[in-house]
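Hi everyone, thanks for coming. Let me put the model up on the screen, and then we can walk through a helix pair and a chain contact together.

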Amino acid sequence: MNFTEYVRQLPQGSMDRRQSIWTRLHLDPYLFAALLAVAVGGMVVLYSATSGDLGAVYRQAIRFGIGFMAMIIVAQFDPRWFQQWGGTVYLVGVLLLVAVIVSGAQAMGAQRWLQIPGLFRFQPSELMKLAVPVMLSWYISRYGLPPRYRDLLVSAVLLFVPVALIIQQPDLGTSLLIASSGLFVIFLAGLSWKLIVSFATMAIAMIPVLWIWVMRDYQRQRVLTLFDPNVDPLGAGWNIIQSMTAIGSGGLTGKGYMLGTQSQLDFLPESHTDFIIAVLGEEFGFIGAVILIALYAVIILRGMLIAIRGRDNFCRLLAGSLTLTFFIYVFVNVGMVSGILPVVGVPLPLVSYGGTSIVTLLTGFGMLMSISTHQRN
Amino acid sequence: MLNSSLDNREKERRLFLSRMTASFIFIAILILALVGRLFYLQVVQNERHEARSQTNRLEVLPIPPIRGLIYDRYGELLARNEPSHTLSVVVERSGDLDALVQELGALVDLSEDQVSRFFDRVRGYRRPFEPIPLKVRLTEEEVARVSANRIFLEGVQVDAELIRQYPFGEEFAHALGFVGRINQEELRDLDVGAYAGTRFIGKEGVERQYEDALLGEPGFQRVETNARGRIIRVIEKQAPKPGSNLHLYLDQELQKMAYDLLGDQRGSIVAIEPETGGILAMVSNPGFDPNLYVSGFPTEIYNALRDSPDNPFLNRAIRGQYPAASTIKPFLGLAGVDQGFVTWDYTINDRGYYQLPTDDRIYNDWKRGGHGRVNLRKAVAESCDTYFYQLAYDMKLEAIHDIYDQFGFGKNTTADIYNPFTGINPSREWKQNRHGFSWYAGDTINLSIGQGYMLATPMQLAIATSVLANRGRWVTPRLLMHSNDESLLDSIPEPPPDVHLNNDSNWDRMHAAMQDVVQGARGTARASGLGATYEYAGKSGTAQVIRIERDENGDPIGDVPEQFRDHAWFMGFAPLENPQIAVAVLVENGGSGSGVAGPMTRSLFDFYLTRELEQ
C-alpha cells in the first residue's frame, strides 16, 4: 500500500478542518470560485452586449441561480447514483430525441425542443450532453481498462445513435460537443494510439463523403466562409468579418466598457449569444480576453486534477470527459469567433446568453464536485 | 489475486494519467493557439482592424446639390425643383426582395412597369448599398402608410428629394431638353465624385448643354451609423454648392404662342432677337411631356411615342433638315445684285421656264406662263424662279456657296444649342465625296431655289433671317442671357464674320423687296400681311417633297397624300426698321408656304410687337 492509498483510507475526521467544511458541503472551492468569477464577469459583459438591457442580465442571473442550485444538489449525490441512473437517462434521452424528430417532421421544419404542454420547452439534446459521457464511462469502466474491441464497438454505437439523431435536427454544434464527450471517454479509457491514428486517417478520408452527402448547404457555406470570409462579405462572411474586426479593434486594453463601436452599433451579430467574446475583446482588449481564458484554464486544470484523483475508473473517465468537453466548448467558440474555426453554433460557456446550456454545464460541474468530494466510503 | 487486482488498478491509473497528460499537452497547445490568435488580431493587426471598425461606423454621405433653375427672359420659371418622396430599397439590407416588393405593393400603388424596372436596376450595374428607387412621387398618404409599417420593411427607405419639374411640359420639351436617371452608359463615363448622391443627369437640350453648370457641387457629411445604416450622429458637414441658375432668352409666352400655332401639325418655329442673337422661341411639334422622363416613362406611353410616325422625339428646330426652297432667294439675290451680276433695274422676260444654254433641259417656274417682265424686287415679291435660275447660272456655284455660307447655312453657328444638325450647303467637293459625281450646271439651278442638294434646319433659316434683318451683323445665336455663373457667358464663341456688302443700300432695297412679299400688291403672302399695323418683311417657301402635278398657280392638282405634300416655309422679321424679331416657320407637308406658314409668322409678330408695346 503506497502513501496515496493510505491517505485515501484515512477517516475523514483526520483531514484538516477547512477542507472538511467544503467536503461536507460536497463542493470544490477552487472550481466554485472560478465558475462564479466567470459567471459574474460574463454578466458584466452581457450587460454591455445587450446595450444595457438589465432585464436580460436579470434573466441570465436567474439561470445561474438555477444552475448553481442544480450544481450543489447534484454534488450531494454519490457518483454511484450517476452510474446507476445513467443508462435509464440515456435511454429516455434517445427516445425523446426520436420524439423531437417525429414532432419536427409533423411541424414541417427543423426543431430542437419538445414542448411539454403547460410547462416548458425542453431540449433533449441538452440532457444527452450529460447522459452520453455518464453512459459511456459506466459502460467502459465495467470491464476494466483498456477497453476490449467488443466494448469499443458497443461504445461507438452508444455514441453514434444520439449524435446522428441530433445532426438530423440539425444542430451541428451540439452534436459536435456530444461526439467529443463520448470520444474523450474512449480516448481516456486507453484506446490504443494505433487505433486512434487509423481512425483519424479514416475520418480525414471521410471528409469528402461528409461534404457531399451529409452536410447541409448552410453547413458547407460556413466552412467555405471560414477559409475566405470575403467570398460573401454581406452574407455568411459578415458575422466573421465583423467579429474579427471587433476583436482586432479592441487592441491591448480595449475601447472601454460599453464603448465598443462594433457591438454598440450593432455591427456585431449575435453579440450577446455566440459572439459575446468579441464584445469582451473589443471593450476589454487582449488583456480582458486573456483573463477570461485564464479563468477557463483554471476551471479546466481543476477539472483535470479532480479526474486524476477520481476514486475509480468511472469517476475518472466521467470527470475527464466533462472537463475536456468543457475545453472543447471554449476552444470551438473562441476559435470560431476569432476566425480560425468554422461558425458552428457553440455558445461561450457560462457567458453567452441562453438558458439550457448554463444549467447543463453547471449540472456537469456538480458531477465533478461530487466526484471530487465523494472519495472512498 | 488481490495483488494482481491492485496491480491492474495501478495500471489503469497509470494509463489514465498518461492520457490526461497527453490531453493536458493538447489543451495547452490549443489554448496557446487561441491566445496567439487573439494576440495576432488585437496587437499585431490592431491598426488594420481599428481602421476597419472606423470605416464601418463612419460613413461619408454625399449631400446632392440643388440643380440650377432655368428661367425665361422675364424670370418665368421654366425648370424647377420639386420636393418628391421616393420609395427605394437598399438591396443589401433587405431580405427576400420578391416578398418585400409584394408587401410594398399592398401599401403603395405599384405598376408592373415600376416593378420590372426596379428589378432591372437591381440586376444591372449599381453601386453597393445604393438605394434603388422603386417609386417616385409618392402621395402623402402613401408616405404615411410606408412610414407606419417601416419597422417591418427591412432595407426600405422613403427619401424626400428634389426632382426636376417642367411647369410648361410639352411646350418646352425640345428647347429645354430634360433630365433623366443616370444610365449605365453614363455612369461609366461620368465623374463619380461630382455625381455622388445625384441620380439625374441632363439628357437633351439646355439641361444637357449646361449640365456642368446646372449640376453644382455635392456636399458631404461624415456620420456615425449603425449596422442598419441608421445615422446615429453627424460628425462633420460640408454644405453642397447649388448649381448655377440660367436665364435664357426664351420668351415663355411667345414659345407658347408658337406651340399653339402649330397645333396638331408637324413642324417647327424658331424666333430670334436680331439685336442679341438671343433665341426667343424654339418649338418642335409634336413634343412630349419631359416630366415623364424624370419620373420614368410608362412603357406603353414611351413605345407609342417612339413608334409614332410623327416622330415626337425629333427636335425639328435643329435636327429637322429640309430644302430651304424659295426662302433662300433673298440671300442669293442680295449677293447677285451686290456683286454686279444684276442690277435692281435689270429685268428678264419670264415666260414660265428656263433653259440652260448648254442643255435641252427645261426648268419650269412654279407659275405656268411666267411672271412677265421681272426685276429683282418683283422676283423676290412674286418668288419668280426663272429670274433666280438665270442669276444662279451667271453667278456659278462658288459665289452661291459662299453667300449661303456667310449667312450660316451648312454649319453650326449657335453657341449653346445641344447637338444640332448642320444642314447641307453643297460644294463641288461635297458632291464628289458624297455622291461620287461631279457638279452639274443643273445642280446650280436647283440651288437657286433652295432645292436639290441644299438642306437647312429651321434654326439655320431663322439665324440667316436674323443676320439679314441685322444688315449682315452677326451676333452669336444663343439661348443663355445671363447666369449667376458669369464664366458661362465667357464661353460663348465668337460669331462668324459679318456679311459685308459693297453697297450698303442693297440691304434696305432687299428688305423692301421682302416687305412686298407680305405688304406689296402682288406679294405671294400678301394675304397674311393684310391689316398689319407695322411694316415687316418676309419670304415664303414651298419645299417639294416629290414632283406632283400642279395647276398654273403652282397649287397641286387633286388629292395628294399627306406625306407627299410640300413642306411649307416662311421666314421674316419685324418691324422693318430696327427689327426686334426674326422668325422661321416650317410646317411639314403643310402645303403652301405663303398660305400656311405665312399667317403663323404674322400672328407671332402681332403678338410679340403689340405685347411689347403694352409693356
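Let's start with helix 6 (residues 124-141) of chain A and helix 7 (residues 149-167) of chain A, whose axes come within 10 Å and cross at roughly 175°. Axes here are lines fitted to C-alpha atoms, for helices over the stretch in contact, with angles from 0 to 180 degrees between N-to-C directions. So helix 6 of chain A is roughly antiparallel to helix 7 of chain A, a label for angles over 145 degrees. Contact means C-beta atoms, placed from the backbone, within 7 Å. Helix 6 of chain A contributes residues including A:Met128, A:Val132 and A:Leu136, and helix 7 of chain A residues including A:Val154, A:Leu158 and A:Pro162. By class, this contact has eleven nonpolar, two polar and one charged residues; Ala, Val, Leu, Ile, Met, Phe, Trp, Tyr, Cys and Pro count as nonpolar, Asp, Glu, Lys and Arg as charged, and the others, Gly among them, as polar.

A quick word on the source: this is a predicted model, where local features need pLDDT of at least 70 and side-chain atom pairs count only at pLDDT 80 or more, while totals for chains, interfaces and linings use all residues. Residues are numbered from 1 along each chain as its sequence is written, and chains are lettered from A and ligands numbered from 1 in the order written.

Now, the neighbouring chain. Here 42 residues of chain A are in contact with 34 residues of chain B. Helix 13 of chain A gives the most to that side of chain A, with eleven residues. By class, the side has 25 nonpolar, 15 polar and two charged residues.

Finally, chain A overall has 15 helices and two strands, these being DSSP runs numbered from the N terminus (helices H or I, at least four residues; strands E, at least two).

Methods: Angles under 35 degrees count as roughly parallel, over 145 as roughly antiparallel, 65 to 115 as roughly perpendicular and the rest as oblique. Two residues are in contact if their C-beta atoms, placed from the backbone, lie within 7 Å.
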